[in-house]
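Please consult the sequence and the structure while reading.

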Amino acid sequence: MITTKGAARFHSNGFFLSHPSSAKAQAETEKPTAAISMHGRKRLASCRDELERSWQGGSSTSRDFYCISSSESSDDNTGGGSIAKRRKTIKSNYSNDDDMIDCSFARGVRICQSNRPPSRPETGSLVKAGWYEGEVNALGLRHGKGVTKHDDGTEYEGCYVNDIMCGEGWYKFVTTKHMVPNPHQHGSHLHRQVEKSFKGAFKEDVPHRAGMVITKTVDWAPLVLGSAFDVRFREVVYDVGMHQNKAVGEGVRIIYTTTNVDGRSTLEKSCYRLHNGESTTMKVAPDYAAWMVGCMGLDFPSPSDI
């Protein structure tokens with residue numbers, strides 16, 4: 001079975017960090033610290049109150065990162081695109097406005113630093129350049145539901161409030177592709193594709209409250225004829241937890257693994273305890289994992305999702 005150390009495994013509180021330069025460096029980051037190991041030996045939460053107490057902690061540290069770019073865009077183009085279908089949009093739960101906002105639907109709107117608000121005091125971050133399709137308010141700011149495809153290959157689909165990611169959303173990172181050795185055939189290699197995203201609630205451009213980091217890894221071999229490919233290994237990792245910019249308190253990692261060898265396919269599921277987004281290496285029962293996910297108000301991911 002192909003392991004996924006390196007490109008495939010990410011920690012919930014580190015999905016804004018850059019990739020390690022080597023698989024060995026990644027493996028080092030996966031080693032639990034002494035504090036994490038000690039927490040892994042503590043008893044599991046026995047009631048919702050204990051879970052909620054664990055979710056209260058967490059202050060901002062240097063490991064907190066924003067989804068918004070940290071460098072100013074050099075694009076000087078102004079926004080544009082077509083606007084149609086005027087409608088009333090109910091304010092977001094994260095909005096401080098008391099009234100309904102008059103919004104329009106826009107397509108092909110250019111997003112860059114020069115055509116956004118001059119300052120973003122709520123987040124202290126700069127605008128990430130890209131193209132937007134969705135609802136905008138009277139000032140032309142993203143407000144309501146929409147999709148922004150950023151120039152760096154990332155994408156956000158979800159709710160905005162005054163041009164800031166707030167509410168339910170899905171942030172997709174850049175898909176990576178590279179070659180890995182084939183463990184079942186000496187001297188041959190497989191193509192590996194890794195897709196990574198965060199799906200959950202946002203506030204002021206960062207993850208807030210319940211959500212999950214989803215990492216999908218697929219290893220495949222091209223077929224001799226046609227453009228199809230032969231999938232040999234597929235793994236989907238769900239790091240589920242509560243967030244205050246970074247993951248805090250108790251969480252759970254759910255892993256589905258499918259392996260195809262000599263025409264035989266096997267599906268495995270395993271669940272592990274997380275603390276502050278880090279694995280404690282402590283395996284937990286699926287029923288316990290399902291209870292914890294339910295306490296967060298989320299749906300337990302199923303094998304059909306992979």
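## A buried charged pair

In this predicted model, Arg-116 and Asp-163 are both buried. Their side chains form a salt bridge, with a distance of 2.8 Å from N to O. Arg-116 belongs to the loop between β2 and β3 (130-136), while Asp-163 belongs to the loop between β5 and β6 (164-172), so this pair ties together parts that are 47 residues apart in sequence.

## Other salt bridges

Side chains of opposite charge can pair when their charged atoms come close. Across the whole structure, eight salt bridges are found. One of them joins the side chains of Asp-151 and Arg-110 at 2.7 Å, N to O. Because Asp-151 sits in the loop between β4 (142-150) and β5 (155-161) and Arg-110 in strand β2 (residues 101-111), the pair ties together parts that are 41 residues apart in sequence. Asp-151 is partly exposed, with a relative accessible area of 47%, whereas Arg-110 has a relative accessible area of 5% and therefore counts as buried, the limit being under 20%.

A further salt bridge is formed by the side chains of Arg-273 and Glu-250, at 2.9 Å from N to O. This pair links distant parts of the chain, with Arg-273 in strand β12 (residues 264-275) and Glu-250 in strand β11, 23 residues apart. Arg-273 is buried at a relative accessible area of 2%, and Glu-250 is buried at 4%. Finally, salt bridges with shared partners connect Arg-116, Arg-142 and Asp-163 in one network.

## Nonpolar cores

The largest nonpolar core contains 22 residues, and those with the most contacts inside it are Tyr-238, Val-240, Val-252, Ile-254 and Met-296. At least two residues of this core come from each of β9 (206-222), β10 (229-244), β11 (246-261) and α4 (286-295). Helix α4 provides the largest share, five residues. A second, separate core has 14 residues, among them Tyr-156, Phe-173, Phe-198 and Val-213.

Which residues does Val-252 contact, leaving aside its neighbours within four places in sequence? They are Tyr-238, Asp-239, Val-240, Cys-271, Tyr-272, Leu-274, Val-284, Ala-289, Met-292 and Val-293.

## The chain as a whole

The protein chain has four helices and 13 strands. Of its 306 residues, 47% count as buried. Among contacts with a separation of 6 or more, 54% are between residues 24 or more positions apart. The accessible surface of the chain is about 16,000 Å², and carbon and sulfur atoms account for 52% of that surface.

Methods: Residues numbered from 1 in each chain as written. Predicted model: local features only at pLDDT ≥ 70, side-chain atom pairs only at ≥ 80, totals over all residues. Heavy atoms only, no water. Core = buried A, V, L, I, M, F, W, Y, C linked by side-chain atoms within 4.5 Å. Buried < 20%, exposed > 50% of the residue type's maximum accessible area, 1.4 Å probe, protein only. Contact = heavy atoms within 4.5 Å. Areas by Shrake-Rupley, 256 points an atom, 1.4 Å probe, with all protein chains shown as cover. Salt bridge = Lys/Arg side-chain N within 4 Å of Asp/Glu carboxyl O.
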